[in-house]
Amino acid sequence: MRIALLAGDGIGPEITAEAVKILKAVVSQEIEFDEALIGGAAWKVTGSPLPEETLKLCKNSDAILFGSVGDPECDHLERALRPEQAILGLRKELDLFANLRPARLFPELQAESPLKENIVTGTDLMIVRELTGDVYFGTPRGQRKDDQNRREGFDTMRYNEDEVKRIARIGFETARSRSGNLCSIDKSNVLETSQLWRTVVLEIAQEYPDVELSHMYVDNAAMQLVRAPDQFDVIVTGNLFGDILSDLASACVGSIGLLPSASLNSEGKGLYEPIHGSAPDIAGLGKANPLATILSGAMMLRYSLKREADADRIEKAVSTALEKGARTADLGGKMTTSEMGNAVLAALN
Ligand code: NAD
Ligand code: IPM
Ligand code: MN
């Protein structure tokens with residue numbers, strides 16, 4: 001198994017180091033990591049946030065383990081050179097349209113959730129976020145002068161029916177493998193894009209009569225996630241709404257430092273990364289929680305490398321470490337990033 005390892009910026013190198021430690025312990029000699037530059041780190045060396053060489057390595061790897069990109073020193077750059085373009089470019093180039101973002105409450109972390117115990121108990125949901133379309137990629141976009149010579153910025157929210165069909169199917173399949181409930185989240189009361197989304201999701205629903213489909217507007221969904229997160233099982237939604245709702249869901253279950261993700265294409269290629277960013281405010285301080293990245297490693301074993309038992313082992317070790325009181329600062333504790341990694345390592349069996 002050859003894994004492209006893209007540590008990236010900010011806390012990226014600190015958190016990926018812990019995930020690599022755990023993956024090597026679990027699958028020993030059978031896994032090899034090929035490191036490559038990405039994001040601001042790549043721009044500083046090569047002038048590009050996503051060098052050709054990195055893209056080639058990703059295309060030739062069995063899977064990609066990704067840390068995070070984003071660097072305040074690059075905020076002044078034109079959009080094409082910004083670190084964030086690297087992850088957007090990888091998603092697009094590899095057609096990683098299906099982004100799975102599970103948010104589950106570890107019972108040991110009940111007290112770390114900002115929500116009351118009776119509200120957060122039982123939260124275990126999967127956000128299926130479309131990842132290669134929507135306002136993120138729609139054209140035209142740009143900045144220009146309007147007819148009164150004022151500056152204006154504009155983006156285009158758009159989905160075609162094929163893009164909606166394929167992510168809807170992932171949503172239904174995911175629901176089928178879990179509780180059989182799917183909630184599609186849109187803003188079809190206002191947006192044409194969402195109107196098409198809802199129409200297409202309803203059409204695809206005909207193929208899945210065993211799945212119970214509901215629809216919710218995104219503003220209500222944000223409110224419901226805080227009010228009663230356990231009402232959701234599988235959520236399917238567009239790129240922008242999924243981005244926002246997944247950060248929200250992470251806070252419900254304790255910390256953004258906990259949520260992993262898998263980004264998949266139709267050939268089973270996968271990129272695995274925490275849902276959080278490069279956290280420049282804590283970068284280099286050993287404060288970052290590595291669990292989201294460690295759990296992304298588990299998703300990589302499950303989805304790309306078909307090593308379900310090893311994925312379970314890692315997830316159980318995370319639970320055990322938390323049960324024993326392992327806590328980084330985001331969870332109200334004092335452990336460093338590597339101490340948390342070591343706690344998971346010690347809990348592997
Ligand atoms: P962020 O997710 O980096 O950080 C938000 C807050 O959460 C910060 O206070 C941070 O310290 C905290 N946090 C994040 N991850 C943590 C962890 N593992 N442990 C403990 N605390 C953690 O979001 P932001 O501050 O809005 O963005 C910072 C940079 O990251 C920006 O350049 C942004 O574009 C980029 N970004 C990249 C990705 C990615 O690489 N996929 C995702 C989101 C944001
Ligand atoms: C995420 C991030 C990215 C997104 C950014 C960095 C492009 O926020 O992975 O959630 O918006 O998709
Ligand atoms: Mn995000």
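User: How many helices and strands does the secondary structure of the protein chain come to?

Analyst: The protein chain has twelve helices and twelve strands. Both are DSSP runs numbered from the N terminus: helices are H or I over at least four residues, strands are E over at least two. This is a predicted model, in which local features need pLDDT of at least 70, side-chain atom pairs count only at pLDDT 80 or more, and totals for chains, interfaces and linings use all residues. Residues are numbered from 1 along each chain as its sequence is written, while chains are lettered from A and ligands numbered from 1 in the order in which they are written.

User: What is the mean pLDDT of the protein chain?

Analyst: The mean is 98, and 100% of the residues reach 70 or more. pLDDT is the predictor's confidence in each residue, from 0 to 100. The model also scores ipTM 0.99 and pTM 0.98.

User: How do you know that the radius of gyration of the protein chain agrees with a compact globule?

Analyst: Compare two values. A compact globule of 349 residues would have a radius of gyration near 20 Å, and the protein chain has 20 Å, so the two agree. The radius is taken over C-alpha atoms, and the globule rule is 2.2 Å times the number of residues to the power 0.38. Along its principal axes, the C-alpha trace spans about 60 × 50 × 35 Å.

User: Which UniProt domain annotation covers residues 2–344?

Analyst: The unreviewed UniProt entry gives "domain: Isopropylmalate dehydrogenase-like" for residues 2–344. That span is 40% helix and 18% strand, with its end C-alpha atoms 23 Å apart. UniProt positions are in the numbering used here, feature names are shortened, and annotations may be inferred rather than shown by experiment.

User: Why do the residues of the UniProt "binding site" not all gather at one spot?

Analyst: The unreviewed UniProt entry lists Arg 91, Arg 101, Arg 129 and Asp 219 for "binding site". They span 129 residues in sequence, and the farthest two C-alpha atoms are 26.5 Å apart, so they do not all gather at one spot.

User: Why is Arg 129 called buried?

Analyst: A residue is buried if 20 or more other C-beta atoms, placed from the backbone, lie within 10 Å of its own; it is exposed if 12 or fewer do, and partly exposed in between. Arg 129 has 29 such atoms within 10 Å, so it is buried. Arg 129 lies in strand β5 (residues 124–130). Beyond residues up to four places away in sequence, Arg 129 touches Asn 99, Arg 101, Thr 237, Asn 239, Gly 242, Asp 243 and Ser 246. Contact here requires C-beta atoms, placed from the backbone, within 7 Å.

User: What makes Asp 219 partly exposed?

Analyst: Asp 219 has 13 other C-beta atoms within 10 Å, so it is partly exposed. Asp 219 sits in helix α8 (residues 218–227). Met 223 is also found in helix α8. With 13 other C-beta atoms within 10 Å, Met 223 is partly exposed.

User: Which residues surround ligand 2?

Analyst: The shell holds Glu 84, Ile 87, Leu 88, Asp 243, Ile 275 and Gly 277. A shell residue has its C-beta atom, placed from the backbone, within 6 Å of the molecule. Helix α4 (residues 84–93) supplies the largest share of this shell, three residues.

User: How do the residues around ligand 2 divide by class?

Analyst: They divide into three nonpolar, one polar and two charged. Ala, Val, Leu, Ile, Met, Phe, Trp, Tyr, Cys and Pro count as nonpolar, Asp, Glu, Lys and Arg as charged, and the others, Gly among them, as polar. The shell around ligand 1 has ten nonpolar, seven polar and four charged residues. Of the 21 residues around ligand 1, the closest are Gly 70, Gly 257, His 276, Gly 277 and Asn 289.

User: Which residues of α4 are buried?

Analyst: Gln 85, Ala 86, Ile 87, Leu 90 and Arg 91 are. Their cover includes α2 (39–46), α3 (52–59), β11 (262–264) and β12 (270–272).

User: How do you know that Ala 168 counts as buried?

Analyst: Ala 168 has 26 C-beta neighbours inside 10 Å, so it counts as buried. Its place is in helix α6 (residues 161–177). Leaving aside neighbours within four places in sequence, Ala 168 contacts Val 200, Val 201, Ile 204 and Val 236.

User: What makes the peptide bond from Thr 139 to Pro 140 cis?

Analyst: Its omega is near 0 degrees. Pro 140 lies in the loop between β5 and β6 (142–145). Asp 134 is found in the loop between β5 and β6, and has a positive phi of about 75 degrees although it is not a glycine. Most residues other than glycine have a negative phi, and most peptide bonds are trans.

Technical notes:
Contact = placed C-beta atoms within 7 Å.
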